[in-house]
Amino acid sequence: MNAIQTHIPGFPRIGAARELKFALERHWRGEASESELEATGRELRARHWAQQRAAGLDLVTVGDFAYYDHVANHIQLFGCEPARFGFGAHDSALARYFTMARGGRSDAACGHGPGCGHAGHALEMTKWFDTNYHYLVPEFSEQTAFALAGERLLGEVAEAQALGHPVKAVLLGPLSFLYLGKERAAAEGFSRLDLLERLLPVYGALLSRLKEQGVAWVQIDEPILGLDLPSAWRNAFEQAYWQLNQAGAQLLLATYFAPLEENLSLACRLPVAGLHVDGVRAAHELINVADWLPAHKVLSVGILDGRNIWRSDLDAALARLAPVLAKRDGKLWLSTSCSLLHVPFSLDAETRLDPELKSWLAFAAEKLGELAVLKAAVAGDAGHAGAGQPSPTAAAADAGQSTAAADAEATTAALADARARIAARRASARVHNAAVAARLDAVAADPQADRRAAPFAQRQQVQRQRLQLPAFPTTTIGSFPQTPAIRGARAAFKRGELTAAAYEAAMREEIAYAIERQEILGLDVLVHGEAERNDMVEYFGEQLDGFAFTQNGWVQSYGSRCVKPPVIYGDVARPAAMTVAWTVHAQSLTQKPVKGMLTGPVTILQWSFVRDDQPRERTALQIALAIRDEVADLEQAGIAVIQIDEPAVREGLPLRRSQWHAYLDWATKAFRLSAGVARDETQIHTHMCYAEFNDILPQIAAMDADVITIETSRSDMELLRGFGQFRYPNEIGPGVYDIHSPRVPSAAEMTALLRKASAVIPPSNLWVNPDCGLKTRGWDETNLALANMVSAARQLRAETKATAA
């Protein structure tokens, strides 16, 4: 191989046209067999490997494919499926996999008795570091045993080899696998790190099998090296990797998402054959890594951003690489900073995107092309054509020189094109808005702009007097099922087959149906159901200046769930009201309060591809001002309850604690700026889900929402304990059932969860709600689940009343 090589840590799984998503959903509906789903997987893998090789990558990545989640893959790979699922010999591996991911086993399987619901719970799901990708959390106890079940991974390696590809297998490292899990039903004092000695031999056996199969390199991901690790975890690395090194495989230790900082020396001295580092988020460490990594080890630099969609400044990338190349004697691997899982597939499908904006972007396929240009530029003459071969004839030499000259010319042209696109973006008049900048400066000078007029205790009294809600008030998080009729009407409207008036009439009918169903079910605070919204971020971005949207820029969030993040390319402003008409229509249909539903500024920021030419803080505050205007208009229209969803606040937290304070300062300010315009009698809600919040509870309290709703059912109310210990001052709604599972929990199960909640939160401050929005569910299961939820709330009211008497 040449001194300069290219590879990627991973590639998007879903396919250019979301083939995996649709295949999964057909299988879950019973319309496609396991073998048909597996055939789709094989086809996608083959296509993606071929694309990597066609782009000139020296190695294809095998093991990054997953039908739901790569961490869940490792749970099966290492034979540690939780015993509570009660799997038997009759359960296929794929059926077990989807049961862990989606739930659905019978209550009897766990052995805890009827109504427990424990076995039916899917694995807890949380965010993958600071991305919007969700992974399934492994469960560990002192009884956890490991056994190699490597047939799927080894089979995928054989597939790639049969197609003639040089293979680099990828695994999640043992320390990260354990660290990202949780102790469940474990004895006091047990730590999942205690399981490392049991796990390492299984990893070693797999590495030996991969070597025997002819795999040249194994990328072993340890992203936790970018975290502030407890000393016990840091100290475990050297012994663990000494043991893994005995398997004889060439290991490329991979880190990403953060600088190594105090773990830099550790990573450089581990007994591995190479080290991959994030050259985007840890660009300042590249020289130190080049100095400290022994010369005989491979250094792989993730020089292109695997997290964002802007074209790279290739001149700047080459400038960053130059001193590293000098220290590594011209030997280097080039890569993306992390897996391309986090960006859309290709710009080829974007036939309607504004040409100017499109010229500024690079999706996964385009990033492969950028890698090829960088490799050619660094290599100078495309790897010295013919090196190591017998002396060519004069004619062949002339042909080689001509080819090298043509390659050099093409590389020069590609660099010039990249340079021109970067310059055009920087100079574009559409990026900057002087009025937005002036307003933001004025707000920065007003210390009261992000504060409500009265403290929560005073607001709570006037809100209760206005709303007159019962104890344990029931509500939902916002969305109701997006039925085929809703999606069909939206698609027809976008295609021009349905007039604006007809589309609005169809959506009003859907809203009326949602209100009627909630009235029948007996919910206390209603929502309009969000029938008109395609996505909780996209809907708002489509109505804000500074945003652009792709046709097919889909990114996997988890399983079959894909999102199409907006592109924030310029200053953000709100030209007109976005939700008021729909919310007022819904409120006109009922005497009960209807929540105005907004997405918060940090979530819009975090779930978009954000401009990289100004600090994220400034973009967040611009969005906050736009949401603030919407809050004011909803309030003016008579809406008494307004929810500003912020599920991504925890997700946006920097991975290093030293950076937390600065981030939380502006993130909580952005929320308060959105809500600060509301009068005392207007109740402000927020919603957060699928993340660990206990370590930022003071900052969540500082957001000063009147009511917060959170996801807690998958963790059996575990997340709520922190709120209780912290004595969270405002009202709170812990989710009592998991909306991501098709399973409908019983009223008894929800009642038991509410009793747990009442033990740690004052009952007078408790709300009753699902974990998250109901967009992905069907109406039949939604009606059953909400009926059970209302029944549980009524049971708690009766118990509380009896206790008081």
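**Entry 1. Terms and model**

I take buried to mean under 20% relative accessible area, exposed over 50%, and partly exposed in between, with a 1.4 Å probe and protein chains only. By that scale Cys-562 is buried, at a relative accessible area of 6%.

I note that this is a predicted model, in which local features need pLDDT of at least 70 and side-chain atom pairs count only at pLDDT 80 or more, while totals for chains, interfaces and linings use all residues. Residues are numbered from 1 along each chain as its sequence is written, and side-chain values use heavy atoms, with hydrogens and water left out.

**Entry 2. Confidence**

I looked up pLDDT, the predictor's confidence in each residue, from 0 to 100. The protein chain averages 92, and 94% of the residues score at least 70. Over residues 105-118 the pLDDT is below 50, and this stretch has 28 contacts in the model beyond near neighbours in sequence; a contact means heavy atoms within 4.5 Å. Residues 381-392 also stay under 50 in pLDDT. For residues 381-392 I find five contacts beyond four places in sequence. Where pLDDT is low, the predicted coordinates should not be read in detail.

**Entry 3. Cysteines**

I checked for disulfides, counting a pair of cysteine sulfur atoms within 2.5 Å. The count is zero. Cys-268 is buried, with a relative accessible area of 2%.

**Entry 4. Strand β6**

Helices (H or I, at least four residues) and strands (E, at least two) are DSSP runs, numbered from the N terminus. I count two strands as paired if DSSP finds at least two bridges between them.

Strand β6 covers residues 167-172, and six of its six residues are buried. In a regular strand the side chains alternate between the two faces of the sheet. In β6, Val-167, Ala-169 and Leu-171 point one way, and Lys-168, Val-170 and Leu-172 point the other way. All of these are buried, Lys-168 included.

I then looked for the partners of β6. Strand β2 (residues 60-62) pairs with β6 in the parallel sense over three bridges, and Val-60 has Val-167 as its bridge partner. Strand β8 (residues 217-221) pairs with β6, also parallel, over five bridges. There Ala-169 stands opposite Val-218.

I find an open sheet of three strands in the order β13-β16-β18, with mixed pairing. Its edge strands are β13 (545-548) and β18 (609-610), each pairing on one side only. β16 (residues 567-573) and β18 pair in the parallel sense over two bridges, with Val-567 opposite Phe-609.

Helix α22 (residues 616-636) lies across β13, β16 and β18 and runs at about 55 degrees to β16. For the angle, axes are lines fitted to C-alpha atoms, for helices over the stretch in contact, and angles run from 0 to 180 degrees between N-to-C directions. The 21 residues should span 30 Å, and the end C-alpha atoms are 31 Å apart, which agrees. Just after α22, Gly-638 has a positive phi of about 95 degrees.

I find a second open sheet, of five strands in the order β17-β19-β20-β21-β22, with parallel pairing. The edge strands here are β17 (595-599) and β22 (731-734), each pairing on one side only. The twist averages 20 degrees from one strand to the next. β17 and β19 pair over five bridges, and Lys-595 stands opposite Val-641.

What encloses helix α23? Twelve of its 16 residues are buried, so α23 is largely enclosed by the rest of the structure. Among the buried residues are Trp-660, Trp-666, Phe-671 and Arg-672. The buried residues of α23 pack against α15 (434-444), α21 (601-606), α22, β19 (641-645), β20 (683-688) and α24 (697-703).

**Entry 5. Pro-729**

I placed Pro-729 in the loop between α25 (718-726) and β22. Pro-729 is partly exposed, with a relative accessible area of 44%. Leaving aside neighbours within four places in sequence, Pro-729 is in contact with Phe-456, Ala-701 and Asn-765. Ala-701 is 28 residues away from Pro-729 in sequence, and the C-alpha atoms are 7.3 Å apart.

Methods
Expected span 1.5 Å × (residues − 1).
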